[in-house]
There are 2 protein chains.
Amino acid sequence: MHNDSNSGAPGTPSGRIRRRRGSNEVAPEVVKANGNHLLVNDRSKYKSMLIRAYSSVWMIGGFAFIIYMGHLYIWAMVVVIQIFMAKELFNLLRRAHEDRHLPGFRLLNWHFFFTAMLFVYGRMLSQRLVNTVTLDKFLYKLVGRFVKYHMVTCYFFYIAGFMWFILTLKKKMYKYQFSQYAWTHMILIVVFTQSAFTVANIFEGIFWFLLPASLIVINDIAAYFFGFFFGRTPLIKLSPKKTWEGFIGASITTIISAFLLANMFGRFQWLTCPRKDLSTGWLDCDPGPLFKPEYFTLPEWFPAWFLSREIAVLPVQWHALLLGLFASIIAPFGGFFASGFKRAFKIKDFGDSIPGHGGMTDRMDCQMVMAVFAYIYHQSFIVPQNLSIEMILDQIILNLTFEEQLAVYKKLGQIIQERTFGES
Amino acid sequence: MHNDSNSGAPGTPSGRIRRRRGSNEVAPEVVKANGNHLLVNDRSKYKSMLIRAYSSVWMIGGFAFIIYMGHLYIWAMVVVIQIFMAKELFNLLRRAHEDRHLPGFRLLNWHFFFTAMLFVYGRMLSQRLVNTVTLDKFLYKLVGRFVKYHMVTCYFFYIAGFMWFILTLKKKMYKYQFSQYAWTHMILIVVFTQSAFTVANIFEGIFWFLLPASLIVINDIAAYFFGFFFGRTPLIKLSPKKTWEGFIGASITTIISAFLLANMFGRFQWLTCPRKDLSTGWLDCDPGPLFKPEYFTLPEWFPAWFLSREIAVLPVQWHALLLGLFASIIAPFGGFFASGFKRAFKIKDFGDSIPGHGGMTDRMDCQMVMAVFAYIYHQSFIVPQNLSIEMILDQIILNLTFEEQLAVYKKLGQIIQERTFGES
């Protein structure tokens, strides 16, 4: 099945930091343990590398185009990736023999998938819809009502699936069905946590999606090449092809790239402005102090060939360093986890969606860990100053009637007055 | 192990609606399928019923006392139940042989448990702490800071556990370890979703916790007795001891009880007032229109022995009917799910914490489904009118500095002014 997709290309999947090909330091038992014979299939190794490079170029090109198109298109891309991942993972522990006796059982997975979709995206979408145009009162109320009953709607979809599951339980299939139920939930939680955070990042400003995602790609590629040319010392038993040399080289590359990329990305309003509606028009905002360059004069002893005595640093670049650190040290654990998982269940790849790369999930393992971190970092250390005011105002405008808004206004006035008197 | 806890008492666990003991309608294959011989061990059946009744009385008494003590004590009870459930479920798929080779692997479960605890309760606790007393500025800031970095703190605890897991993966144990990891996550999600909603209900007013919980208990007991005395027609293959007679009888009992209990509970401010702080003092509030009695005059033809021509109905009683309907129709599916699960994994009870009842989890299956529903129902159909104003004010006071509060006040004033001009 899909597990054989890369059969002609040993050593391609999952390994991010590769052991130097043909190096003397390759411990034979490691090679054996992996079941691949790195030393033998040299030609197919190169062929696979070409396929991989070719589809990488296509992916990066397509990705850049989507970034250029804007927030809604990126969101659509995330949803497509999500569907692919869910499909790959749903199929993973599926057993055709059992399924033949359980008509409609597959459909239940997708019922839960769309319930999760409604739950995660329904609210986001309607909040942005309200901001999109000066809605007429009817539509405004309609969206408002949807938001109000959003949770209960999702709950009933879920309960319907839950009852469907119980009513279609079949004798002798219990264990398979319960395992599948748990597995479906695990998949949906992993896939939707990650993508909900990713989409949230996108609308905070493409910057907060693009920088973390790029850092993971850079870290992957750098680890591949550093490992290819210098890899000697094995890093972790879980992924025998990863080496300390690859890991360290990639870390340094990633952290430097983070600093430079942040400076580059931080200069485009298209990337730095948050998007509060669903339009795709041009963005114009005050990107705030984080993206205002600060000028540093270089010391005298700095080499004269350097372009300028003065360099401009955006404050966001310091934050980028931390993102780079995370992308190179912690995020790879997402990859280790995926490798371990594949070993545990004796599969080679999660799927065969991308030629030379394996499944979509194989390329997303670290991205997931990173997107969640980027979101939480942004919310904890970047947002609080100015944006939370707007978030609260959004809430007030969206969830309350005019009379209730007035009530909030009056009460807040009272509280502020009390405080002012208390302080003076 | 714990599965044998009830070995002297066949037929006790999990079955909520019991097939009539010794009735001619007992289909022999059902009895066999269940592995118990209902017809044989009559004496032990009665003994088990006594044990069960005895511990039920203790439980209900203890429960009433805790309700009397107040919100904090109920919360503590929920946490204790939670710990018991997690313990039972963690042990369920545990294999002693594998564990011997994985020192410290059990500890990881509890690491995740306490991370989830911090995540779910940390925010609740600190929000209520701020409301508790007029805090001095230092403490106020401290709690504020904790709330601000709450998410990132939890994230790092989680990531630490994630890395711990990956770094302690042992060859040949991968499959066991990954299954345990997934299992731990499923448990924590189920246990914490339920208890987070339960605790939220408690602080919205004990009413919203007590009524749903009572309805489940009443439904359980009524189904037991209706099944015991009238049970003939099997209800669902999953739980052979449940009958249609038990199900229907229990439903009617539960819906009537819901209507009556709501009238009873709705008259105590101790139960109806929300609690916004962590004190245990007396509550005094305007419980709102839901709890203000409306008077209906009974029609002439109504029997004269009825106490009064006029009856007082609290509007909340109509909502209670819906809760009763849910408790008797949908919530039992929680029990079916648990029965199916136990059959799938060939276990009898989830544990042996409560004499005669099996494990804590065995008594909580329907409670979980109910608590989530009660919360979502309350949020969707009860709260929106008045409480959301206070929620937003809470947010403003807790999350924003004084200057930011001023900024919200000013902007809100502008928005309201624009609206007023736009409308006039």
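What share of the contacts in chain A with a separation of 6 or more comes from residues 24 or more positions apart? The share is 75%. Contact here means heavy atoms within 4.5 Å.

## Ground rules

This is a predicted model: local features need pLDDT of at least 70, side-chain atom pairs count only at pLDDT 80 or more, and totals for chains, interfaces and linings use all residues. Residues are numbered from 1 along each chain as its sequence is written, chains are lettered from A and ligands numbered from 1 in the order in which they are written, and side-chain values use heavy atoms, with hydrogens and water left out.

## Chain A overall

Chain A has 16 helices and four strands. These are DSSP runs numbered from the N terminus: helices are H or I with at least four residues, strands are E with at least two. Of the 424 residues in chain A, 54% are buried. Buried means under 20% relative accessible area, with a 1.4 Å probe and protein chains only.

## A buried threonine

T272(A) sits in helix α11 (residues 269–272) of chain A. Its relative accessibility is 5%, so T272(A) counts as buried. Leaving out residues up to four places away in sequence, T272(A) touches E204(A), G205(A), F207(A), F265(A), G266(A), P287(A) and F291(A).

## Helices α13 and α14 in chain A

Helix α13 (residues 332–344) and helix α14 (residues 360–382) of chain A cross at roughly 135°, and their axes come within 7 Å. Axes are lines fitted to C-alpha atoms, for helices over the stretch in contact, and angles run from 0 to 180 degrees between N-to-C directions. That makes α13(A) oblique to α14(A). Angles under 35 degrees count as roughly parallel, over 145 as roughly antiparallel, 65 to 115 as roughly perpendicular and the rest as oblique.

From α13(A), P332(A), G334(A), G335(A), A338(A) and K342(A) meet D362(A), D365(A), C366(A) and V369(A) of α14(A). By class, this contact has four nonpolar, two polar and three charged residues. Ala, Val, Leu, Ile, Met, Phe, Trp, Tyr, Cys and Pro count as nonpolar, Asp, Glu, Lys and Arg as charged, and the others, Gly among them, as polar.

## Helices α12 and α14 in chain B

In chain B, helix α12 (residues 316–329) packs on helix α14 (residues 360–382) at an angle of about 150°, with the axes 11 Å apart. α12(B) and α14(B) are therefore roughly antiparallel. Residues in the contact include L322(B) and F326(B) of α12(B), and F373(B) and Y377(B) of α14(B). This contact has 11 nonpolar, one polar and no charged residues.

## Two copies

A rotation of 180° with 0.0 Å of shift along its axis superposes chain B on chain A, with an RMSD of 0.2 Å. That is the relation of a two-fold axis.

Notes:
Copies are superposed by least squares on the C-alpha atoms of residues with pLDDT of at least 70 in both. Buried means under 20% relative accessible area, exposed over 50%, partly exposed in between (1.4 Å probe, protein chains only).
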